[in-house]
Structures are given as structure tokens and as C-alpha cells.
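Have the structure open beside you.

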Amino acid sequence: MSLSRRSFLTIPAAVGLAGCAGSRPLRVAVVWSGDELRRFLRVVKDSPYPVTVYSAGDNIAALLRGPSGEVTPDVAVIPRLGLLYDPEIRRRISPLTPIRRQPEFWRDLASPVPGQVLGAWFKIAHKSLVWHRDGEGLARPPTLDAWASRTLSIGAADGWVLTDWFENVLLARSPSTYSKLFSHGESSPELWATGEVRQALEQLATIWQQGVTAERGRRALTLQFHDSILDVFTYRTAEVVAAPDFAWPVIARYHAAGVRAAHFRFPANGGAAPPLVVGGDVAVAMSGGTADAFDFVHWLTSPRPPGGDRSDTQEAWAAEGGFLAPYIDASISPPALRGAARDLAGVRTGQYDLSDRLTGPLAGGDGRGLWRILTELFIAVTIDRTRPATAAGTAADDLVSAGSRGSR
Amino acid sequence: MSGKDPFLFEVVPHHDTRVPVTAQGLSRWRAGLYLLLAVLLAAGVLLAPLAATVVISLSGGLANYEVLGDAQVLQALGNSLVWLALAVLVCAVGFGLAWLARDAGAGLSGVLRVILVLPAVVSPLTTGAIFRLIFDTNPARGVVNALLGGAGANVAFLGPGWIWLVLGLAFVWQWAGLAFLIFHEALARLPANLLRVARAFGIERRRRIWSIVVPALAGPAALAYLLALVAAARVFDLVLMGAPGAMQAQVEGGGLFWWRHHSDLGAGRAAALAVLLSILVGLLALPALAGLRGQVTWSEPAARPASKAAGPRRRRRLWLLPVAVLWLLPFAVLVLTSLRAPDATAVSGWWRVQWDLWQLASYGDAFADGGFMGALAITAVRTLVVVALVLLAAVPAAYVLAHEHLLPRRTWRPVLLVAVALAALPPQAFAVPLQESISPVVGSTLALITVHAALVIPLAVLVLHNAFARVRTPMVTRHRWELIHVVREGAPAGVLAGVLAFVLVWNDTVVGLLLNWPAGDHLPLLLLEQARHFMSTIGPLAAQAVIATVVPVALVIVTGRWLYRGLTHGVRR
């Protein structure tokens, strides 16, 4: 135990000498990689605390749930709200005191137990946008059924892309069912057996079958989120792609010459309001961390004065696009994203990403839970050309049985 | 005690030249002391948690084994069987290449050996990334689809069904070289005199093959099969990196499935699945053990007359050129990709010659945050400490086992079987109890090093034992420093064991993931995280993979002669 991992981590900083001397940098675990990680590193460079960032990738749950409190980080920026509701992880998070001033909607989300706020939102996302090339006369389909005429680009290799689709359709059709599943999805399998869920799945299956041919479906399963954006904005092989606001920097980086991006909201069901699915990354201080961990979380998520200050690295990130936060003014975003930023600033009725909130066997991850069931649905309707009603029935049954596995 | 014993790495038949008497050696206590570290590590880290897993799986009778009724579990186990079947393919390809190269001169076969074996030291993560890139669906990035595009076709190779082709090729590329090495050596040592005599006596070809060639190849074939089987049973990171996320469920074996689902399954059912996996591997390993037992012990001089370059032989050798090129292609793809501008790698392939896009920016990106440098340094330090610990434990143990006749002959075979079984054991079989038993120190570097060492020690003991048993020692009077003498003579095997340990630990992903250590200082895990957005990070990912690959490749090239000697002879003379 003399050579603990903690002291070991500081070795590169201390040039291989006695790593235990002096104050240890805060260890911050995030999930990002590539561009996003680079931008986050730029942010923490301005932090008043010495910080070591490491990317735990999609394994962050395993990291936070690990067998020993000794190895958990001091601060984690968690992409899946469900982890805050996971009893094992929740124990290891220190509630924030005093309660941070974040908008009520977001604060409530981060309070699995009433009166106890576990985290503060660092980054939030608008997941009900549909992107297309500007100036090609595309308008928002008036209803969910009207998708049929569009060539869809779907990054089906990433399970979360498919769950975002499902959530938008379900929320558009039945906000009350969505809300119930959101609160009790893993403990009440019977909620998944309702007609609303089945019908939403069937409508989703119909949209996919009409918008994606068998050959494109096969291709779609090999396309990740970024690839699906290229299909619209670089290769022009598809017309629209449903993607969150953070598609913006990807479009900016790879778009073909002369192509400009535009977006509309995910279509509504009949005359109802269009759905608004939101997601985000919440910063938490882990128990065992020092007082610095709290201060760092506060520093990271503290409200910025109105007007905007481009020397602030977070506001600079927001100005580049692809970064929305409850503490940053909507007017700082690029013009194309200001509408989305305002949607989020006023979010009341919107619902948080259902699959990110679930725990247990329905929780996401490659080859797991809702991700896997929707992937199988996608394969069935696009490649095997199964009738949407049949495929949706299978998916609904799988959801019920997975749900009951968890509540056993 | 040689002859009938199923030694691993027993490629070259040999005579036991030692005197069959028990020399007065170390006292039993001292001999026990020599074994202590290896036994403690193997028992504490592998055997005890394994036993705990079995006990947990049996809590409540056999009810936990109803996990077999779950469709997803069955699919995963079915995938495991496909992977294990691919082990046979690996052997077949290795044998075919060895057959083609059997008359190649010393120089040519030496070069071929290096080219074919190098993929075995590449991390499966890197292999997965390379093959995912080669078979990319986008014809602008994937070279195979670019070539097919000329014929008007575009295949989603990474999609349903075809993904098996991609990962299967990756698997064969990675492991066929080892099988080649073993078969090539075995073919070179066929009992030529016996064959000549048989031919002179007019024995027909088929009988010659069945009664001379096949028995002579049984041992090496069993060894090649065993190695490929262990690799197939541990397929994990290849799928994580090589298959797009949504496709992974279609190709993942039981080990990966277990990792994703063990907390959903519950302790008992997860343990039952781990036990089933171990049994599956064990059952498939049985034919290999039988083959190793039946090996022959002809002693045939290796020296052969210089081969005459006859017509058909030359034609056969021409086949070797495309093989060598094909085998080097994945390395070229990786290096060329790492040398292109990061943005360009997302939208165009490595074969496009645009001089302004050739640059080192991907390497700059790879080192941008310092995390990679730190992980590189810490992984190197950790790996070297593990190598030292493995040798410290395995050398005395192998020496005592080889020279002290501590165990009655009858018990030697079970001991060997246990060592082989431990070397092949999937880590999933003992991960959970181990994690719980060492939970106070689970995150410490010391714990990680100990677990890594324990995993490699059985293999190291097997390799070293085989070599040490061949070192001639004075018959009657034992020298005080005999251990030193034996180690010096068996140095090639020592190098082999050290390099094996180095490569296994350097490339490890499974232990890091299974035992939940944070990823910050674990080099392969750092690579894995880059794969979240595979296409847009392939530039820096390739750069990091190149650096992570250079280290073991350089090690193998530097120690190449010793490794070859260690693998085929074990001893210096």
C-alpha cells in the first residue's frame, strides 16, 4: 500500500521523484475524448486548483462503482444522470452545500433525494433538433407521419442516437407516459407494457422503415454519430439528420465547401407541442475528496455575469458552438444555436433523456439495455424489412422482460 | 522425466541426458522455499478466487446455471464457439504458410518468421483499429471499399454478418504467425532419414504420411492449437475496438458479455456464466493435451543439405511474396494514417497522395494533454516491475521443479495440467472474488502488479521448466551455484519468459477493465477511450497506437535471436 495509485498518478508531474510531496492535484474524471476533451482541458487550465483530468470514457460507471473508495476520483463530470440514482454510486457522492443556484428544473434533476442536491450541471444539450443543408427548401414535417418523404441519416452504430429517436417520438406522442417511465422505469416493468409505448415503438419503426432502405440500413449500423453528419453536410447522400446541438462543431469542421447548416425542431405529433428532450453532464464531488473538490465544482459551474466575457474559457467554448450551459447566457452562442439555447434556458416541460436516466438492465451502453433493444428494432425494420407492428411488438416484449429482470 | 511429459514449447524432440537418480540436492525445506513465491501468487490470486467463484455459482444448487436459458447468454456463448473455431483456422493458415515456406532458405524463412510473428505482439486494440479502418464502409476512407468501388460495389463490412469477416481476418492476421513458427520448425525437423528409408522400401505415400509425418506433427499441432485457443478464449479488446458499438453484441463472446452484464445477472448467475466459460475452454483444450502427450521423441539432426532451387519450389516461394506484403499492409496502414493531418483522416484514405497533408500533427495531438505521456511512462514502469516479479518467482520454481524431483513422477502430470489450465483461464473466472478480497488495496499499483504477475507466472514456469530440464548438470556432486549455472544455460528461455510477460502486461486491457482500475495510467485503456468517436479521432488514435506498438515490436526485434532459440531449444547449447 506504500505505493498507492494516488501518489503514482502524480509521478509524471513530479518528474519521477517522490510523488507524495506537496499538494496533490485534484483528480477529475470525464467521459470526453478528442475535441471535447481538448476543450475541457482548455477550461481547467484556468482553474485556480491544480487538476489532473483523465477520461474514463464510457466506463465511468464502472469507475465510480469500483470496489474501493480509495480509487474514485475527487470530481467526476457524469454524462448519465442515472448514475446519480444508482444506490452504490450515490453513497459515494458528497451533496453540495450550500445548494447551488442553478435553474429549478436542472437542480431537481440532480436531487434523487428531496432536499439534497448531488451535482451541478456543467454542460446541457438540446436533443430535439433536426439538421439539414440550408437553402434547399426543407421545412419541418408538420407531423411525425410526414417524415416519410425524407432521406434520413442515422448514426445507428451509436446506441444513444437510436434512444434519442425513441425518446423524441415517445415524448411527442405521450408526455405523461414518458414522465412515468422517467420516474419509475426500472422498478415498474408494467409501465413498458402499455399501449403508448407499443404505439410509439411502432411509429418509430415506421419512420425508420420509410426513411432508410435496406442497403442504407446496413451502412447506418456502421456509422457513428460523426459519420452520420458527414453524410448530410459533406457527401450530401442524405437530407436530414436528427442530432443534438453538439453536432455544430462537427459540421463546422467537416462540411463541404459552400454548405451551410440549418435546423428545425423535431416534429410534433398532430397539433401537440414539439418534443424537447434534454441531456447534460453533471459535475459532482466524490466523498473522500477534499474541500477543493467542492470549490472546483462551484468554480466550474458558477453563473457568469450577463453580457459575456470571451476571455472566460467556458464562454469562449459556448461562442464556438456545441457547448450550452445553464449558467451561460443564450446570446453568447452562435446565431444558429441561440434558439436552441433559449429553449433550454426556459425548459419547464421538457424531459430529460430517458435512457441516460435509467439504471439496471435497461441502462445503456454498447450491447446493453435500451440501446441493444432499439438496435435490434432498427435491424429488423430496415434490413430485414419486418413489418413495423411485428418488430415493435418484439421490442416492447424485450423491454418488459429486461425491466422485470431489473426489479426482481 | 522427459520423453512422455507434455511440455509446452516442446517443439524439438530431444533425449533426456540426465542421470535417472535422485541427486542429493536442496533440502525439502529449501526447495519449498524456492517454490513459495510462485505458489503463493498462483494460489492467492488465481486458485482461491476461482474456487470462490465455483462456490458462489453453486449457492442454491444448480439454479444459477439456468442462466443458460437466457437468449442473450446463449448468443454470447455461441459467439464464443465461433471464436474458438477460428482458432482452428489460425492453425490451418499457419500450417499452410509453413508448408509453402518449408524449402525456403535460412535467410528467407528468417525474414518471413519476423514478418509473420510481429502481429502477435501488437495489442488487439490496435489490431481492431487497423482492420476497422481497412474495411471502413466509407470508400473515401476504407481501402477495401475504395477498391470495390471501382467495380461499382460498396459493402458495409462492419455491419451485420460481414463483421465476422473483418474480425476473423484480424484474428488470423494476429495469431497465424505463431502457428507458422511452430509448424515451420516442426516441418524442418521431420525425420527425413526415416522417410527416406520408408520410401526406399516402397511404402506408399499415404501410409508414410499417416505413420511418420502425422505423429511427428501431433505435438507441435497441439501446441499451436492450444496457443490459438487461449487467444480465442480471451478475445475481448479486439471486439471493443474493431466493431462499431451497435455491432458488438453480434460478435462478442462470453467474456465480453460477462463484463457488460455481470452486475445485472447477479452474483450467482454471473459466477455460473464464468464457470461455464472456463469449462468450455477447458473442454476444447482437451484434444490439445492429448496431442501433447502423444508426441514423439525422435532425435533428428536439424542440419539439412542446401536445398536446390528446383522449378516447383521456386514457384512456391513466389507465393511467399504476396503473403509477406499482405502481412505488412496493416502496419503500413497504421503508420501512414498516423502521418496524415488529423482532419484529413476523417474524410480521405491513407493512400491519397497529397503532400501538404503529410505531417506530424496527429502525434502533436496525441501528446497534447500530457496524459498520454504519463500513461506511457507508468505503463512502462509497471510492466518492467511485473517482468522482474515474474522472473523472481518463476525462475526458482522452474529450477526446483526441473532438478529436484520434489514430486513423485505420478503427480507431475497433474501439476503440469494445473499450470496449463491456469495459463488459459479467462480472468472473468476469478475477477469478482479477487476484487472483493483485495478491496482495501484494489486501486494500488502494488495490487495491480501482483495480479498481473500471478496471471503470467504459470506460463513463465512452463517455459522455463522446459528449458531448465535440459541443462546438463554435474551428475554426482552438486555445485553450490547450480541455480546460477542453470539460469545461465537456460537464458534464452528466460528472455522468452520475460518478453512474454512484457507483451502480455503492456497490451493488457482486460485486467484493467475487469478489476476496475481507473483508466488514467493504463495505456491500452487510453487508446480505447479515443475510439468513442472513431472516425474523427483516428489520426491521433493511430499515432498513439504506433507509439504503443513500437515498444513491443522493438523489444522482439532486439531479442529476436534469443526468443527463437528460447522457443525452439530453450537452452544456449
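**Exercise 1. Work out how helix 7 and helix 17 of chain A are oriented to each other.**

Solution. To see why, take the axes, which are lines fitted to C-alpha atoms over the stretch in contact, with angles from 0 to 180 degrees between N-to-C directions. For helix 7 (residues 159-173) and helix 17 (residues 369-383) of chain A, the axes come within 9 Å and cross at roughly 80°. Helices here are DSSP runs of H or I with at least four residues, numbered from the N terminus.

Next, list the residues in contact (heavy atoms within 4.5 Å). Helix 7 of chain A brings Gly159(A), Trp160(A), Leu162(A), Thr163(A) and Phe166(A), while helix 17 of chain A brings Leu370(A), Trp371(A), Leu374(A), Thr375(A) and Phe378(A).

A note on the model: it is predicted, local features need pLDDT of at least 70, side-chain atom pairs count only at pLDDT 80 or more, and totals for chains, interfaces and linings use all residues. Residues are numbered from 1 along each chain as its sequence is written, chains are lettered from A and ligands numbered from 1 in the order written, and side-chain values use heavy atoms, leaving out hydrogens and water.

**Exercise 2. Do the analysis for helix 21 and helix 25 of chain B.**

Solution. Start with the geometry: helix 21 (residues 491-506) and helix 25 (residues 560-568) of chain B pack at about 105°, with axes 7 Å apart. Helix 21 of chain B is therefore roughly perpendicular to helix 25 of chain B. Then look at the residues: among those in contact are Val495(B) and Leu496(B) of helix 21 and Trp562(B) and Leu563(B) of helix 25.

**Exercise 3. Describe the interface between chain B and chain A.**

Solution. First, count residues: 61 of chain B are in contact with 51 of chain A. Second, take the buried area (accessible area, 1.4 Å probe, lost on putting two parts together, summed over both). This is about 4900 Å², with carbon and sulfur atoms giving 56%. Third, find the salt bridges (a side-chain nitrogen of Lys or Arg within 4 Å of a carboxyl oxygen of Asp or Glu). There are four between chain B and chain A, including Asp264(B) with Arg368(A) at 2.8 Å, N to O. Finally, helix 11 of chain B gives the largest share of the side of chain B that touches chain A, five residues.

**Exercise 4. Which parts of the chain does the salt bridge between Glu320(A) and Arg42(A) link?**

Solution. These side chains meet at 3.2 Å, N to O. Glu320(A) sits in helix 14 (residues 313-320) and Arg42(A) in helix 2 (residues 34-45) of chain A, distant parts of the chain 278 residues apart.

Key: Helix = DSSP H or I, 4+ residues; strand = E, 2+ residues; numbered from the N terminus. Parallel < 35°, antiparallel > 145°, perpendicular 65-115°, else oblique.
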